[in-house]
Amino acid sequence: MNSKDIKERDSKYILGTYARYDLCIAKGKSATCYSPEGKKYIDFSSGIGVNCLGYSDDRWAETVSRQLRTLQHTSNLFYTEPCGELAEILIQRTGFDKVFFCNSGAEANEGAIKAARKYSFMKYGRGRYDIITLQDSFHGRTMAAITATGQEEYHKYFDPFVEGFTYAKANDTEDIKIKVSDKTCAIMIELVQGEGGVNNLEQDYVKELHRLCREKDILLIVDEVQTGIGRTGKLFAYEHYGILPDMITVAKGLGAGLPIGGILFNHNCSLVLEAGDHGTTFGGNPAVCAGGVEVLTRLDDNFLEQVAGKGSFLKAEIEKMEGVSKVTGLGMMIGIAVQAKEAKEVVKDALKLGLILLSAKDKVRLLPPLNITDDELKEGLELLQKALK
Ligand SMILES: Cc1ncc(COP(=O)(O)O)c(C=O)c1O
């Protein structure tokens with residue numbers, strides 16, 4: 001099928017909830033993909049931070065295919081090997097205690113919200129249910145996750161929203177201290193806000209939040225859906241801050257292109273959710289988890305160092321570019337504040353030139369595959385400079 005026919009059929013049958021780019025992607029390898037007509041694109045978006053090993057990585061595809069041919073699904077009524085193996089690696093590489101697997105970032109956050117509320121209920125009784133999140137945060141599209149999302153534009157049309165969420169200003173310790181009350185059971189944050197504009201949380205702010213949570217027995221939940229799985233140059237972004245949260249939520253890159261989500265619990269709250277409290281049919285699916293094992297095996301210390309190196313290189317190169325006023329982010333999660341042009345205009349112009357970018361609020365956002373080659377990086381940067389002008 002050609003691009004025109006694919007787009008026409010899509011518009012006819014698919015609900016119009018996505019403002020799609022004017023591009024059909026037919027195939028790809030590493031950070032390079034092609035339209036059905038063979039036009040080449042360098043992809044600095046990774047399917048919004050998912051394709052951490054790029055398009056159709058051979059080893060990952062082979063591992064998933066082998067598992068699919070062996071055992072594709074059983075439900076959580078049964079034990080299977082891959083989900084335990086993936087959980088074991090996650091625990092051994094982090095210091096958390098237990099893992100729960102689900103299918104997406106929003107679902108992971110839903111589970112974390114439930115766990116925080118039950119933790120508080122069991123210890124302090126009814127009424128200590130409030131969760132503080134940050135302005136400009138993004139936590140997903142389910143009812144609780146969208147309520148947790150601290151952006152007004154998401155809080156239209158769907159009333160009534162879930163009770164018990166309070167929003168605080170990011171990087172403002174005084175504001176969060178005012179918002180904490182005897183009803184607060186958890187604080188949920190992204191360490192670099194992705195959708196909200198690639199805004200970094202400051203070291204001192206995060207350390208103070210961590211201290212405040214310890215002091216008041218409030219659970220600290222770090223949403224690592226976008227920052228996790230090597231994106232920032234460490235396996236998880238919390239490692240940059242010298243803290244161990246009570247829970248982190250993960251998704252995106254762990255599946256490398258297949259749907260997965262997860263919650264990692266530290267010893268403080270790993271026994272809270274019990275049989276019957278939470279679950280999902282597909283969670284811990286063998287094929288997806290086998291792919292996740294391949295992802296984590298590849299993301300060893302050497303690989304993560306390379307991610308950090310590529311992140312620094314990107315940042316330095318972009319800072320030198322004409323039309324850039326500021327570069328934010330961490331590792332290979334990069335936000336660019338642009339002069340003279342709207343971020344969305346830069347994204348559109350880049351696409352015409354053969355470069356796929358993202359935007360986040362008023363910034364251009366880059367989330368390239370973590371294993372992007374040096375040649376692809378250089379080619380993409382040249383196109384980015386042209387698009388920024
Ligand atoms: C920080 C963060 N949390 C949660 C989500 C929601 O993840 P999903 O789309 O997999 O539900 C996203 C998605 O972009 C995200 O960036």
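Visitor: How do the axes of helix α11 (residues 343–353) and helix α12 (residues 374–388) cross: roughly parallel or oblique?
Guide: This is a predicted model. The two axes come within 8 Å and cross at roughly 130°. Angles over 145 degrees count as roughly antiparallel, and 65 to 115 as roughly perpendicular.

Visitor: Is the crossing of α11 and α12 left-handed or right-handed, and which residues of α11 meet α12?
Guide: α11 passes α12 in a right-handed crossing. On the α12 side, the contact holds Leu383, Leu384, Lys386, Ala387 and Leu388.

Visitor: How many residues in the contact of α11 with α12 are charged?
Guide: The contact has 7 nonpolar residues and no polar ones. The charged residues number 2.

Visitor: Now helix α4 (residues 81–92) and helix α9 (residues 286–298): are they roughly parallel or roughly antiparallel?
Guide: Their axes come within 8 Å and cross at roughly 30°. Angles under 35 degrees count as roughly parallel. Therefore α4 and α9 are roughly parallel.

Visitor: Which residues of α9 make the contact with α4, and how many residues of the contact are nonpolar?
Guide: The crossing is left-handed. From α4 come Pro82, Cys83, Glu85, Leu86 and Ile89. From α9 come Pro286, Cys289, Ala290, Gly292, Val293 and Leu296. By class, 1 residue is polar, 1 is charged and the nonpolar ones number 9.

Visitor: In the sheet of 7 strands, which strands stand at the edges?
Guide: The sheet is open, with mixed pairing, in the order β4-β12-β11-β10-β7-β5-β6. An edge strand has a single partner, so one of its sides is left without a neighbour in the sheet. That describes β4 (98–102) and β6 (165–168).

Visitor: By how many degrees are neighbouring strands of this sheet turned against each other on average?
Guide: The average ignores direction. It comes to 20°.

Visitor: Which residue stands opposite Met247?
Guide: Strand β11 (residues 247–250) and strand β12 (residues 261–265) run antiparallel, joined by 4 bridges. Met247 faces a residue of β12. That residue is Phe265.

Visitor: Which strands does helix α8 (residues 203–216) touch, and what angle does its direction make with that of β10?
Guide: α8 packs on the sheet, touching β7 and β10. Its direction makes an angle with that of β10 of about 145°.

Visitor: Why is strand β14 (residues 333–338) described as largely enclosed by the rest of the structure?
Guide: Strand β13 (residues 324–330) is joined to β14 by 6 bridges, in the antiparallel sense. Strand β17 (residues 363–366) is joined to β14 by 4 bridges, again antiparallel. A residue counts as buried if 20 or more other C-beta atoms lie within 10 Å of its own. β14 is largely enclosed because its buried residues number 5 of the 6.

Visitor: Which residue in the hairpin of β13 and β14 takes a positive phi?
Guide: The hairpin has 2 residues between the strands. The phi in question is near 60°. It belongs to Gly331.

Visitor: Last, the open sheet of 4 strands: which residue is the bridge partner of Asp43?
Guide: The order is β1-β2-β3-β15, with mixed pairing. Strand β3 (residues 40–43) pairs with β15 in the parallel sense over 2 bridges. In β15, the partner of Asp43 is Ile356.

Technical notes:
Residues numbered from 1 in each chain as written. Predicted model: local features only at pLDDT ≥ 70, side-chain atom pairs only at ≥ 80, totals over all residues. Axes fitted to C-alpha atoms, helices over the stretch in contact; angles between N-to-C directions. Left-handed = near helix turned anticlockwise from the far one by under 90°. Contact = placed C-beta atoms within 7 Å. Nonpolar A, V, L, I, M, F, W, Y, C, P; charged D, E, K, R; others polar. Buried ≥ 20, exposed ≤ 12 C-beta atoms within 10 Å, placed from the backbone. Pairing = 2+ DSSP bridges.
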